[in-house]
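Dear colleague,

Please find below the structure that I am handing over to you. A written account of the findings comes after it.

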Amino acid sequence: MDAKQLKWAYLFVLSLIWGSSFILIKRGLVGLTAIQVGSFRIIFAALFLLIFGFNSLKKISRRQWKFVAITSVFGTFTPAFLFAIAETQVDSSIVAILNSLTPLNTLVLGIIIFGIQFQKRQVLGVFVGLVGCLLLILSGASAHPGQDYYYVILVVIATLCYAINVNLIKKYLSDLNSVSITTGNFAVLLLPALIILSFTDITQRISFDVTQHSILFVMILGVLGTGIANVLFFKLIQMSSPVFATSVTYLIPIVAFFWGLLDNEMLTPIQFFGAFIILIGVYLSAKK
């Protein structure tokens, strides 16, 4: 398989994994708090990666550790908690759709902070995506009065974190292999996640069956949806571009939507239209 085919294969596999992540978060929230879901997600991913990728840490130079630590905060730590908190109030399929703002934010921050070149069509895509985002949020708030759509702000912040992360990796860590980056990220985050978890009521919850089932879902999320997926994603960034890599968010909402249907979630026609506009904006911004 040549490089062009390989990057599309990575994109497809990542869409399946990450598209399933939102329903796993939702299942985790049945017996755990959002903070516990975020902490366990990081802990399980860290343990998995340190077991299989510990030797790769030797390839990280002293200069690179600074950027590994920074990318761990923006690419994993902060979003892990923000997405979990957001899903306590908003449907998982809506969160997945809003995650599609990542390529738009990647482009915007790439232009403003990292000085990447852009075309007028890509700028148009940013504005189109923002219009779709506003439409999705406003229509969702009116169609689901029981949900607090102010929480979607957390999802937008998470996509900004992702955008910063991919630009940093492309600029400062392109010469480091994806396993080293991912393992280094979680080596940095393991202790903070354990400390945060220790301040929750997990010891009181752990004996309940519902909590144990939720932990199982989060373990799958951590190992597959975070650990393995991040290795693939960082590899994709290095072999393509930040905007192409984040265009995986084209496909994530499709996978997440079908999971949502199985869990009795449904979008209104206006929300469908808003989601469609967002994807058009992403397409325009990502197209060369």
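The notes below go through helices, individual residues, aromatic rings, the salt bridge and a surface patch.

This is a predicted model, in which local features need pLDDT of at least 70 and side-chain atom pairs count only at pLDDT 80 or more, while totals for chains, interfaces and linings use all residues. Residues are numbered from 1 along each chain as its sequence is written, and side-chain values use heavy atoms, with hydrogens and water left out.

Helices (H or I, at least four residues) are DSSP runs, numbered from the N terminus. The expected span of a helix is 1.5 Å times one less than its number of residues. Helix H2 covers residues 34-53; its 20 residues should span 28 Å, and the end C-alpha atoms are 28 Å apart, which agrees. Of the 20 residues in H2, 14 are buried, where buried means under 20% relative accessible area, exposed means over 50%, and partly exposed lies in between (1.4 Å probe, protein chains only).

Helix H7 (residues 152-172) has 21 residues and reaches 30 Å from its first C-alpha to its last, close to the 30 Å expected. The buried residues of H7 include Val152, Val155, Ala158 and Thr159. Also buried in H7 are, among others, Cys161, Asn165 and Asn167.

Ser180 counts as buried because its relative accessible area is 0%. Leaving aside neighbours within four places in sequence, Ser180 is in contact (heavy atoms within 4.5 Å) with Ser56, Leu57, Lys59 and Ile60. Val179 also has its place in H8, but with a relative accessible area of 32% Val179 is partly exposed. Not counting residues up to four places away in sequence, Val179 touches Gly53, Ser56 and Val231. Val179 and Leu49 are 130 residues apart in sequence, with 8.4 Å from C-alpha to C-alpha.

Thr200 is found in the loop between H8 and H9. Apart from neighbours within four places in sequence, Thr200 is in contact with Ile35 and Gln36. The C-alpha atoms of Thr200 and Lys58 are separated by 34 Å, and these residues are 142 apart along the chain.

The salt bridge

How many salt bridges does a search of the whole structure find? The search finds 1, a salt bridge being a side-chain nitrogen of Lys or Arg within 4 Å of a carboxyl oxygen of Asp or Glu. Arg205 forms a salt bridge with Asp201, and their closest N and O atoms are 2.9 Å apart. Arg205 is partly exposed, with a relative accessible area of 23%; Asp201 is partly exposed at 31%.

Phe208 is found in the loop between helix H9 (202-205) and helix H10 (209-239). At 46% relative accessibility, Phe208 counts as partly exposed.

Aromatic rings

A search of the whole structure finds 8 aromatic pairs. Rings of Phe, Tyr and Trp (its six-membered ring) pair if their centres lie within 6.5 Å; planes under 30 degrees apart count as stacked, over 60 as edge-to-face and the rest as tilted. Phe233 and Phe234 form a tilted pair, at 6.3 Å centre to centre and 45° between the planes. Both Phe233 and Phe234 are buried. Together with Trp18, Phe233 and Phe234 form one aromatic cluster.

A nonpolar surface patch

Phe12, Val13, Leu16, Leu251, Ile254, Phe258, Leu261, Met266 and Phe272 form a nonpolar patch on the surface, with about 800 Å² of accessible area together. Patches are made of residues with over 30% relative accessible area and no salt bridge: like charges are joined within 9 Å, nonpolar side chains (Val, Leu, Ile, Met, Phe, Trp, Tyr) within 5 Å. Accessible areas come from the Shrake-Rupley method with a 1.4 Å probe. Helix H1 (3-31) and helix H12 (252-262) each supply at least two residues of the patch, and Phe12 lies in H1.

Yours sincerely
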